[in-house]
2 protein chains.
Amino acid sequence: METKYEWGLEKNQANFRPLTPLDFIKRTASVYPDRISVIHGELRQTWAQTYSRSLKLASALQKRGIGKGDTVAVMLPNTPAMVEMHFGVPLSGAVLNCLNIRLDSESLAFMLQHGEAKIIFVDSEFSQVIFDAVKRIENPPVVIDVHDLLFTEEVRDIGEKEYEDFLLEGDDNFQGLWPKDEWDSLCLNYTSGTTGNPKGVVYSHRGAYLAALSNILEWDLPHHPIYLWTLPMFHCNGWTFPWVIAARAGVNVCLRKVVAEDIFKLMKEHKVSHYCGAPIVHNMLINADENLKNGLDHRVEAFVAGAAPPAAMIEGMVNMGFGITHVYGLTEVYGPASVCVKQESWQESSLGEQAKLNARQGVTYHLQSDITVLDPNTMKEVPHDGETIGELFFRGNITMKGYMKNPKATGEAFKGGWFHTGDLGVIYPDGYVKIKDRSKDIIISGGENISSIEVEDVLYQHPAVMLAAVVAKPDGKWGEVVCAFIELKNNTKVTAKEIQDHCRNILPGFKVPKEVYFEVLPKTSTGKIQKFELRKKLSSDSAIDV
Amino acid sequence: METKYEWGLEKNQANFRPLTPLDFIKRTASVYPDRISVIHGELRQTWAQTYSRSLKLASALQKRGIGKGDTVAVMLPNTPAMVEMHFGVPLSGAVLNCLNIRLDSESLAFMLQHGEAKIIFVDSEFSQVIFDAVKRIENPPVVIDVHDLLFTEEVRDIGEKEYEDFLLEGDDNFQGLWPKDEWDSLCLNYTSGTTGNPKGVVYSHRGAYLAALSNILEWDLPHHPIYLWTLPMFHCNGWTFPWVIAARAGVNVCLRKVVAEDIFKLMKEHKVSHYCGAPIVHNMLINADENLKNGLDHRVEAFVAGAAPPAAMIEGMVNMGFGITHVYGLTEVYGPASVCVKQESWQESSLGEQAKLNARQGVTYHLQSDITVLDPNTMKEVPHDGETIGELFFRGNITMKGYMKNPKATGEAFKGGWFHTGDLGVIYPDGYVKIKDRSKDIIISGGENISSIEVEDVLYQHPAVMLAAVVAKPDGKWGEVVCAFIELKNNTKVTAKEIQDHCRNILPGFKVPKEVYFEVLPKTSTGKIQKFELRKKLSSDSAIDV
């Protein structure tokens with residue numbers, strides 16, 4: 001029976017509209033039509049132009065019969081076309097699938113086939129690998145070449161036509177196809193999938209809208225930020241920042257390649273105010289030549305996530321004069337969905353202590369409901385003692401719809417009404433969570449659990465260490481023993497014994513690496529160190545002890 | 001048929017949660033338990049305390065059988081109890097009905113009866129009027145007295161018990177009743193109703209959540225604002241700011257009465273960063289004694305809305321060193337839902353010209369969909385010429401569910417898929433809307449439409465004018481003629497002729513007031529000038545021409 005608070009109070013066109021991040025660009029193009037939206041080399045685009053080009057793109061897609069339920073794939077670095085895709089594709093009703101530009105043709109072929117892409121937009125840099133991928137597919141997508149003004153090598157077109165010509169197929173006065181339901185799918189993002197086939201994570205309009213707002217709230221992101229695209233847009237849709245920057249009427253400073261020289265140059269030239277990245281990006285900046293940093297005299301705010309940042313790195317950023325906010329998440333939660341909120345009381349601690357506090361994964365995002373650590377067997381919260389290890393779980397609107405065409409994996413990921421991250425961690429007495437390891441990265445030696453991250457944190461404190469990874473090596477006596485792989489900074493030299501002595505000063509003996517290897521570490525396309533490659537080396541005995 | 005983007009991708013407990021502003025206090029109490037939430041005289045409350053008291057309140061209400069579909073009325077000034085009501089009442093599942101503390105017992109009786117309030121919380125200042133109101137009702141609500149530490153007059157209890165004793169009825173470990181549907185009703189707010197019975201505007205959890213976020217976005221409101229409660233919380237739930245301040249983990253500086261001396265004192269003492277108010281409040285501050293302002297050396301940000309602010313007032317605020325953001329809305333759109341966004345290019349204009357630009361009602365709020373001016377007959381947008389008058393319409397999520405138990409009025413308000421504001425206005429070439437008048441306030445003299453606001457704007461430019469109101473007087477020859485009512489600043493003197501001469505210098509002759517009256521103007525409880533009272537005076541000839 002309807003109560004007085006329901007009767008005659010239904011939703012209608014005047015008081016209800018599906019949430020969608022597309023509304024952000026609509027408003028910004030209308031309120032700030034002449035503000036700069038995109039900077040790329042000599043190119044400047046205004047928000048009116050970006051919106052109008054996005055609508056042209058949407059119209060052109062529609063005329064090709066592409067719309068709701070269809071997939072549009074893109075193989076693009078952080079260029080203006082990539083920004084436009086984040087609006088133009090969903091404005092046609094279709095779902096945007098950003099492919100990882102560092103993948104091989106076999107993986108890409110799998111994704112194009114699994115996602116059933118109808119069309120793909122390809123930056124000239126990736127013509128060959130997409131050409132090879134498309135060859136492998138039975139019903140290949142239409143291919144459109146994208147010529148970027150900052151791609152300076154020889155162009156070899158592989159598609160039906162170029163992007164600018166494709167846009168000409170669109171109508172000038174198309175108004176866009178807006179979602180009727182905010183649960184409609186917006187994007188498809190494949191996980192990196194270190195084991196088995198990649199899974200296709202599906203985002204909704206509602207989720208992306210709330211994730212974008214949550215990023216603004218966490219960062220106190222004011223109107224008109226100047227945002228540098230160090231984070232790949234193909235990675236969780238750049239943590240929703242194409243929509244964030246539209247909502248804030250900011251500037252997208254594009255960047256084809258993450259090179260320290262270019263980054264500092266753009267930061268100075270355009271007074272970049274914000275950027276995001278994995279620890280490896282910030283590490284690169286910290287260790288860059290001092291000449292590059294000279295002249296950067298305004299404060300820059302950075303989001304760091306993508307892997308647990310070593311405390312030494314956070315300290316390095318602060319020393320460089322950058323503001324740093326540590327966030328944590330996964331593809332399944334639209335990028336970051338927890339934040340290490342800095343408390344006023346921490347200011348009384350030493351910088352080193354603060355960095356340690358900041359290195360935790362923290363508390364739930366404003367518009368996410370919960371992050372917590374549960375015993376995965378009982379689904380009960382672990383004690384808030386900073387010691388008892390359980391699994392990290394998320395819950396709330398900033399969580400994917402599920403994995404496409406994979407209800408089994410979706411069911412497992414959401415078992416018990418929580419999203420299972422697969423990361424192991426603890427809760428501190430202040431309610432902050434901290435990752436101790438991926439489930440598969442924990443080392444069990446002589447019956448003791450050893451967090452590889454804890455050991456890595458200590459390794460990073462050594463002045464010669466650029467990157468460090470700690471993995472388990474099977475051992476007849478101990479079950480597993482701790483092994484360290486280290487990439488040294490330029491022009492430094494150090495012995496395994498020196499590293500072990502350094503660790504022994506800080507860690508109990510059983511956590512000190514038994515073996516130490518020096519080499520350039522293998523990384524995934526998103527900058528994460530590939531521990532499974534290191535484990536392979538250990539089992540094949542191909543690594544060389546020095 | 002389900003597509004690949006729907007199949008197996010349904011909502012579940014892990015990836016969907018109804019939007020509610022109650023989540024804001026839940027997170028803040030967990031992340032910032034020890035930060036100050038409330039300042040009131042010597043009282044300090046933390047967010048952990050405010051949340052725990054709100055849960056106690058919710059539990060006590062539930063134990064009285066009060067929950068979903070029920071109304072809880074409150075008759076409270078801006079005190080700590082009023083802050084708690086905004087969380088405790090909805091945490092019980094019930095709907096919060098904040099009564100206007102300036103109303104008479106007859107109006108209050110109507111609202112209590114129409115809203116079917118089960119219980120009412122009454123500040124001691126309003127014991128008598130509620131006592132009288134409750135007497136008139138057949139099924140009167142339970143009455144709970146609220147003793148406030150800053151109420152210094154004699155207390156005469158009229159209820160069953162006092163608020164603190166009522167709280168003791170609640171359980172300590174109650175977790176709150178959270179909405180299952182974000183469309184559930186959150187609040188009931190009666191419009192002031194200058195004609196006929198007041199209408200009961202119903203808010204949803206979803207609408208309040210998005211309205212609160214939108215206020216944060218418009219204002220670039222950072223973490224931890226110090227917010228002064230100059231705006232009554234009974235007015236559109238303080239434009240959603242009880243929830244805004246919870247979301248931002250800020251401080252509620254309470255204020256029983258709007259007195260310039262107290263306001264400046266609190267601003268200095270607590271470094272108040274933000275406040276909201278109708279033009280009359282800002283006017284009071286602008287015209288306050290200079291002694292009061294001395295020592296206020298930090299920037300304060302103000303939201304102004306509630307009536308179109310005269311350009312001279314905006315200029316006065318800027319001269320005082322306050323930041324001012326002009327927003328516009330109505331009870332039906334959760335308070336403000338449009339904003340006069342300041343454009344960078346305006347900085348080249350004179351301060352006077354900027355004030356004029358700022359005096360417009362502007363563009364749609366971030367998370368509202370549209371504000372526009374339509375011809376109410378054809379529902380077509382008027383030309384963007386700054387001249388063609390139509391009616392202002394809103395559309396989007398920041399719009400009420402409707403009027404309670406009044407589907408006829410709801411249907412009329414939402415006719416054509418837009419919310420009808422009843423305000424008349426124009427659109428400028430830059431897309432900004434400006435109110436010219438309420439439908440009933442427009443003056444038609446000799447066939448010419450005259451905007452009373454335009455004439456008032458000119459009157460405010462006269463240095464002796466404190467408040468001005470322009471209304472129509474029936475006239476045999478012209479149909480209507482322009483009449484001005486003026487409240488002068490202290491220690492000023494001016495004649496009707498001087499005012500008319502002043503107007504003639506700026507306005508065409510037919511817009512110059514034919515009659516000018518000097519008197520203290522009648523105001524509504526929310527500070528709006530009551531033009532209908534002025535019109536009554538004109539028809540009864542009780543006004544005195546000077």
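The largest nonpolar core in this predicted model has 357 residues, and those with the most contacts inside it are Val74(A) and Val74(B).

**Inside the core**

**How the two chains relate**
- Chain A can be superposed on chain B by a rotation of 180° with 0.0 Å of shift along its axis, giving an RMSD of 0.1 Å.
- This is the relation of a two-fold axis.
- Within chain A, Asp220(A) has the C-alpha nearest the axis, at 3.6 Å from it.

**Where the chains touch**
- On the chain A side, 50 residues are in contact with 50 residues of chain B.
- Helix H1 (22-31), helix H7 (205-219), E16 and helix H15 (407-413) of chain A each bring at least two residues to the side that touches chain B.
- H1(A) gives the largest share of that side, four residues.
- Sorted by class, the side of chain A that touches chain B has 21 nonpolar, 19 polar and 10 charged residues.
- The copies meet through the same surface, because 100% of the interface residues of chain A are also interface residues in chain B.

**The sheet of chain A**
- Nine strands make up an open sheet with mixed pairing, and their order is E2-E1-E11-E10-E12-E13-E14-E15-E16 (chain A).
- At the edges sit strand E2 (43-46) and strand E16 (363-364) of chain A, each of which pairs on one side only.
- Strand E10 (residues 226-228) and strand E12 (residues 274-277) of chain A run parallel and are joined by two bridges.
- Leu228(A) has Tyr275(A) as its bridge partner in E12(A).
- Helix H2 (residues 47-63) of chain A lies across strand E1 (36-40) and E2 of chain A, at about 80° to E2(A).

**A closer look at Val251(A)**
- Val251(A) belongs to strand E11 (residues 251-253) of chain A.
- With 24 other C-beta atoms within 10 Å, Val251(A) is buried, since 20 or more is the cut-off for that class.
- Setting aside neighbours within four places in sequence, Val251(A) is in contact with Ile36(A), Ser37(A), Ile39(A), Ile226(A) and Tyr227(A).
- Val251(A) and Tyr227(A) are 24 residues apart along the chain, yet their C-alpha atoms are separated by 5.8 Å.

Conventions
Residues are numbered from 1 along each chain as its sequence is written. Chains are lettered from A and ligands numbered from 1 in the order in which they are written. This is a predicted model: local features need pLDDT of at least 70, side-chain atom pairs count only at pLDDT 80 or more; totals for chains, interfaces and linings use all residues. Copies are superposed by least squares on the C-alpha atoms of residues with pLDDT of at least 70 in both. Two residues are in contact if their C-beta atoms, placed from the backbone, lie within 7 Å. Two strands pair if DSSP finds at least two bridges between them. Axes are lines fitted to C-alpha atoms, for helices over the stretch in contact, and angles run from 0 to 180 degrees between N-to-C directions. Ala, Val, Leu, Ile, Met, Phe, Trp, Tyr, Cys and Pro count as nonpolar, Asp, Glu, Lys and Arg as charged, and the others, Gly among them, as polar. A nonpolar core is a set of buried Ala, Val, Leu, Ile, Met, Phe, Trp, Tyr and Cys residues joined through C-beta atoms within 7 Å. A residue is buried if 20 or more other C-beta atoms lie within 10 Å of its own, exposed if 12 or fewer, and partly exposed in between; C-beta atoms are placed from the backbone.
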